[in-house]
Amino acid sequence: MLIEIDFNSEEALYLQLCNQIILGIATSRFREGDSLPSVRQLADSIGINMHTVNKAYTVLKQEGYVKVDRRKGAIVSVDIDRMRTLSELKKELQVILAKSCCKNISKEEIHGLIEEIYEDYI
């Protein structure tokens, strides 16, 4: 498993870890049913505290990306609740688009960025 953590980043380590796993799911590096490394294994392999990994796994569970099984650990299990996800996405996009409008970024430029980024996930 290739997880890249930037120890110089201002972004919290657990958020970086969450984002890396979400990107891995989106790009099919991690598939439905795949087991993620144990908290201890992942902490040791990337050199971070076990509590940080545990927090990341907890957030991923709460957001519907993994389920946690006492025997198998964290397993990729993408939440199929589309309506909730679409609602959350809309809220996030509203802020991003408002920021873009304030910076005079055009609708066409935004669409271009979306197409460019989305190509990585299909």
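Helices here are DSSP runs (H or I) of at least four residues, numbered from the N terminus. With that in hand, let's work through some exercises on this predicted model.

**Exercise 1. The nonpolar patch**

*Solution.* 
- Start with the patch itself: Leu23, Leu113, Ile114, Ile117, Tyr118, Tyr121 and Ile122 make a nonpolar surface of about 690 Å².
- Ile117 is one of the patch residues and is found in α5.

**Exercise 2. Thr52**

Decide whether Thr52 is buried or exposed, and name its contacts beyond four places in sequence.

*Solution.* 
- Locate Thr52 first: helix α3, residues 50-62, holds this residue.
- The relative accessibility of Thr52 is 18%. Buried means under 20%, and therefore Thr52 counts as buried.
- Now set aside neighbours within four places in sequence; Thr52 then touches Leu13 and Tyr14.

**Exercise 3. The largest nonpolar core**

Work out which element supplies the largest share of the largest nonpolar core.

*Solution.* 
- The core has 20 residues, and Leu17, Ile21, Leu36 and Tyr57 have the most contacts inside it.
- At least two core residues come from each of α1 (13-26), α2 (39-46), α3 and β2 (73-76).
- Of these, α3 supplies the largest share, with 5 residues.

Conventions
Residues are numbered from 1 along each chain as its sequence is written. This is a predicted model: local features need pLDDT of at least 70, side-chain atom pairs count only at pLDDT 80 or more; totals for chains, interfaces and linings use all residues. Side-chain values use heavy atoms; hydrogens and water are left out. Patches are made of residues with over 30% relative accessible area and no salt bridge: like charges are joined within 9 Å, nonpolar side chains (Val, Leu, Ile, Met, Phe, Trp, Tyr) within 5 Å. Accessible areas come from the Shrake-Rupley method with a 1.4 Å probe; for residues, only the protein chains shown count as cover. A salt bridge is a side-chain nitrogen of Lys or Arg within 4 Å of a carboxyl oxygen of Asp or Glu. Buried means under 20% relative accessible area, exposed over 50%, partly exposed in between (1.4 Å probe, protein chains only). Contact means heavy atoms within 4.5 Å. A nonpolar core is a set of buried Ala, Val, Leu, Ile, Met, Phe, Trp, Tyr and Cys residues joined through side-chain atoms within 4.5 Å.
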